[in-house]
Amino acid sequence: MSAGDPRGGGGSYAGGGPRAGRDPRREGDPRGGGGPVAGRPPYAGGPATGDPVHPPAPADPGRPAGGDARDTDGKGGTGARGAGRVLVLRALGLGDLLAGVPALRALRRAYPAYELVLAGPAELAPVAAATGAVDRVLPAAEPGRAVPRALDWTGPPPDVAVDLHGNGPPSHRLLAGLRPRRLLAFAHPGTPEVEGPPWHPEEHERDRWCRLLRAYGIAADPADLRLPHPGGPSPAPGAVVLHPGAGAPSRCWPVARYAAVAEALRARGRRVVVTGGADEGDLVARLAKRAHLPDTDVFGGGLPYERLSALVADARAVVSGDTGIAHLAVAHGTPSVTLFGPVPPSRWGPPPDPRHHALWHPGPDGDPHGHETDPALLRITADEVLDALDALDALDALDALDVLHALDAPDPPDAPEEAP
């Protein structure tokens with residue numbers, strides 16, 4: 001579920017190779033064990049109490065809480081906002097960050113005067129900035145999308161720390177070790193000192209983090225996920241974008257089927273381009289060769305985020321597996337066809353919208369980090385993808401017709417004058 005400096009990881013961009021046998025996005029499945037850390041206070045004042053969520057503002061509003069406005073070294077500095085600091089842990093990939101945008105914006109609204117620091121991959125800083133919610137990225141990432149072993153946090157403790165990474169002891173203890181005044185996190189039996197709401201494994205990712213914040217009295221809207229247009233020119237405006245990569249082979253639809261879709265679209269006069277991450281050059285090259293794409297329509301090696309964002313924002317449609325570029329299409333309101341397996345769209349899919357088609361053949365749960373294409377994904381045919389793209393074209397035609405009808409409609413008659 002990712003896409004940015006293309007290094008692979010839970011999607012085609014950002015992260016590292018997944019660890020076998022576990023889904024790091026479900027870090028807190030109650031296996032962590034352990035109890036409260038000696039000398040660490042319990043984090044009360046959560047859903048079961050009436051304590052306020054927001055820490056009190058410092059006495060001097062021009063001075064950051066516990067810090068010095070001169071501390072602006074990029075690690076412990078206060079940035080442009082001066083009341084205090086909120087630290088959010090989400091050291092995952094592009095798709096994960098975009099799924100967390102509604103929660104990040106809710107925190108921005110809840111703490112408007114605080115510097116909001118995101119602990120995540122450094123290469124996702126442009127994405128974080130585009131959300132309008134994050135002031136600064138604190139570089140943090142581990143191979144396999146695991147919880148970072150440490151955070152390079154300096155200066156006073158965070159006023160508020162928020163665990164948007166997982167729900168288990170590793171992420172809880174990483175943040176608690178910084179001794180924040182408040183820790184917002186899901187409950188886990190391995191860290192009973194954290195009083196938070198329960199974790200629901202089958203919950204959609206966007207809904208999950210908004211529910212976490214609502215449990216602490218912070219209003220959050222899962223639909224608040226759109227990004228502004230990047231502003232720069234697209235390298236292929238109006239093209240259909242095919243993205244064959246994902247964070248694991250189990251989530252990669254066969255290249256031959258992508259090629260069949262590409263050839264059919266090109267036969268209809270559509271421009272088709274293919275994208276891929278830095279470690280997906282061979283995959284992109286194989287697809288380009290089978291689909292007879294010219295070099296000008298091949299974007300392998302990992303586009304910088306700004307160009308990728310512009311490409312997606314101005315695309316006719318995006319076709320991909322369950323990975324970061326699918327979330328980027330949703331963020332830009334670009335029509336999309338997303339191929340799901342082994343993880344169902346009920347957990348990571350687009351919001352209900354006729355512009356976004358989620359193709360999924362229900363079946364037993366598979367391994368999202370497996371080494372072979374998942375059977376659920378293999379049940380999706382090239383014809384199904386083409387039918388979904390045809391439906392998007394039909395919707396586009398209806399929208400254009402509605403615009404024409406509105407332009408051709410006669411002006412309403414003037415209202416009769418009132419009698420004296």
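Residues are numbered from 1 along each chain as its sequence is written, and side-chain values use heavy atoms, with hydrogens and water left out. Because the model is predicted, local features need pLDDT of at least 70 and side-chain atom pairs count only at pLDDT 80 or more, while totals for chains, interfaces and linings use all residues.

**Overall**

- The protein holds twelve helices and eleven strands. Both are DSSP runs numbered from the N terminus: helices are H or I with at least four residues, strands are E with at least two.
- Of the 420 residues, 55% are buried. Buried means under 20% relative accessible area, exposed over 50%, and partly exposed in between (1.4 Å probe, protein chains only).
- The accessible surface is about 17200 Å², and 56% of that belongs to carbon and sulfur atoms. Areas come from the Shrake-Rupley method with a 1.4 Å probe; for residues, only the protein chains shown count as cover.
- Among contacts with a separation of 6 or more, 67% link residues 24 or more positions apart. A contact means heavy atoms within 4.5 Å.

**Five-stranded sheet**

- Five strands form an open, parallel sheet in the order β3-β2-β1-β4-β5. Two strands pair if DSSP finds at least two bridges between them.
- β3 (136-139) and β5 stand at the edges with a single partner strand each, so one side of each has no neighbour in the sheet.
- From one strand to the next, the twist averages 20 degrees. Axes are lines fitted to C-alpha atoms, for helices over the stretch in contact, and angles run from 0 to 180 degrees between N-to-C directions.
- Helix α4 packs on this sheet and touches β1, β4 and β5. The direction of α4 makes about 165 degrees with that of β4.
- Strand β1 (residues 85-89) runs parallel to β4, joined by four bridges. V88 stands opposite V162 in β4.
- β4 also pairs with β5 (residues 182-184) in the parallel sense, over three bridges. V160 has R182 as its bridge partner in β5, and V162 has L184.
- In a regular strand the side chains alternate between the two faces of the sheet.
- Strand β4 (residues 160-163) is covered on both faces. V160 and V162 are buried on one side, A161 and D163 on the other.

**Six-stranded sheet**

- Six strands form a second open sheet with parallel pairing, in the order β8-β7-β6-β9-β10-β11.
- β8 (298-299) and β11 (356-359) are the edge strands, and each pairs on one side only.
- β6 (residues 240-243) and β9 (residues 317-321) run parallel and share four bridges. H243 has S320 in β9 as its bridge partner.
- Helix α6 (residues 255-267) packs on the sheet, where α6 touches β6, β7 (272-275) and β9. Its direction makes about 170 degrees with that of β6.

**Nonpolar cores**

- The largest nonpolar core has 52 residues; V88, L104, V162 and L213 touch the most other members. Such a core is a set of buried Ala, Val, Leu, Ile, Met, Phe, Trp, Tyr and Cys residues joined through side-chain atoms within 4.5 Å.
- Helix α2 (residues 101-110) gives this core its largest share, six residues.
- V162 contacts V86, L87, V88, L89, L107, L175, L184 and L213, leaving aside neighbours within four places in sequence.
- Another core, of 30 residues, lies apart from it, with L283, V319, L359 and L377 among its members.

- S171 sits in helix α4 (residues 169-176). S171 counts as buried because its relative accessibility is 0%.
- The S171 side chain reaches the backbone oxygen of G168 at 3.3 Å. A polar contact is a pair of N or O atoms within 3.5 Å; within protein, one must be able to donate a hydrogen and the other to accept it, and residues adjacent in sequence count only if both atoms are side-chain atoms.
- Helix α9 (residues 324-331) has eight of its eight residues buried.
- G333 follows α9 and has a positive phi, near 70 degrees.

**E202 and R347**

- E202 lies in the loop between β5 and α5 (205-215).
- E202 and R347 are 145 residues apart in sequence, yet 6.4 Å apart in space, C-alpha to C-alpha.
- Their side chains are joined by a polar contact of 2.8 Å.
- Not counting residues up to four places away in sequence, E202 touches R208, S346 and R347.
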